[in-house]
Amino acid sequence: WVQYLQSQQVDEMAVLEMQKDVDRLEKVTDRFSKIGSGGKMEEADLTLTISEVLNYLKGRISEKVEIHFDSSDVYLVKHNPALMQWVVENIAKNAVDAMEGNGALRVTIQQEKRWIHIDISDTGKGIHPKQIKTIFKPGFSTKKRGWGLGLSLVKRIVHEYHKGKVFVLKTEIDRGTTFRISIPL
């Protein structure tokens, strides 16, 4: 369809955005195949991995959500870029939902001894303390749509494939939440 629209001289920007979505669907397919077959780990720049997914999201979330990411440092870390992008995308989309499309999303990376920490913070509604223990379990959701598999897949990708940890670093009702992803060096 993208090629057909190009041949019909349809608005070039619309065709470009459609092509981005097609490319994204290919990535999603690739991600599922990597989960099933144990994704290959590679030494790559974690900053670039995160920048790519945040740049993709900027055009697909509310303009009222500000995204802050300091991408000036290079962090060469063994990881699977496609799967790590899925992790960041899932947490970021949940954050946007928690902010009801209006607020600030901040992503930071820091190194501490033998770990790299990725913190994803939002200015959303926060997580009730009773829910923190169950948010990573399959089927858990506070949304009317979806199956509640996002955070359980996030946990699996981080724990099983990256040998890391993912958890709620802090949360405050009506003030926001920070998720931390920790990957060993």
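**Whole chain.** The model is predicted, so start by colouring it by pLDDT. The chain mean is 86, and 88% of the residues reach 70 or more. Select residues 12-37, helix α2, which has the lowest mean pLDDT among the elements, 72. Then select residues 176-184: this is strand β7, where the mean is the highest, 97.

Select W1, Y4 and M18 and show their surface. Together they make a nonpolar surface patch of about 410 Å². Of these residues, Y4 is found in helix α1, residues 2-7. Is Y4 buried, partly exposed or exposed? Its relative accessibility is 44%, so Y4 counts as partly exposed, since exposed would require over 50%.

**Helix α4.** Move on to residues 81-98, helix α4, and pick A82 within this helix. A82 has a relative accessibility of 15% and therefore counts as buried, the cut-off being under 20%. A82 and M41 are separated by 41 residues in sequence and by 10.0 Å in space.

**The loop between β4 and β5.** Select K113, which lies in the loop joining β4 (103-112) and β5 (115-122). Its phi is near 50°, a positive value in a residue other than glycine. K113 is exposed, because its relative accessible area is 77%.

**Helix α5.** Select residues 150-161. How far apart are the end C-alpha atoms of α5? They are 16 Å apart, which agrees with the 16 Å that twelve residues should span at 1.5 Å a residue. Show the side chains of L151, S152, V154, I157, V158 and Y161 next; these residues of α5 are buried. When looking down the helix axis, keep in mind that an α-helix has 3.6 residues a turn, so residues three or four places apart point the same way. Among the buried residues of α5, L151, V154 and V158 can be coloured as one set to follow along the helix.

Finish at K163, in the loop between α5 and β6 (165-172). With a relative accessible area of 57%, K163 is exposed, as the value passes the 50% cut-off. K113 can be brought back into view alongside: its phi is positive, and K113 too is exposed.

Notes
Residues numbered from 1 in each chain as written. Predicted model: local features only at pLDDT ≥ 70, side-chain atom pairs only at ≥ 80, totals over all residues. Heavy atoms only, no water. pLDDT = per-residue confidence, 0-100. Helix = DSSP H or I, 4+ residues; strand = E, 2+ residues; numbered from the N terminus. Expected span 1.5 Å × (residues − 1). Buried < 20%, exposed > 50% of the residue type's maximum accessible area, 1.4 Å probe, protein only. Patch = residues over 30% accessible without salt bridge, like charges linked within 9 Å, V, L, I, M, F, W, Y side chains within 5 Å. Areas by Shrake-Rupley, 256 points an atom, 1.4 Å probe, with all protein chains shown as cover. Salt bridge = Lys/Arg side-chain N within 4 Å of Asp/Glu carboxyl O.
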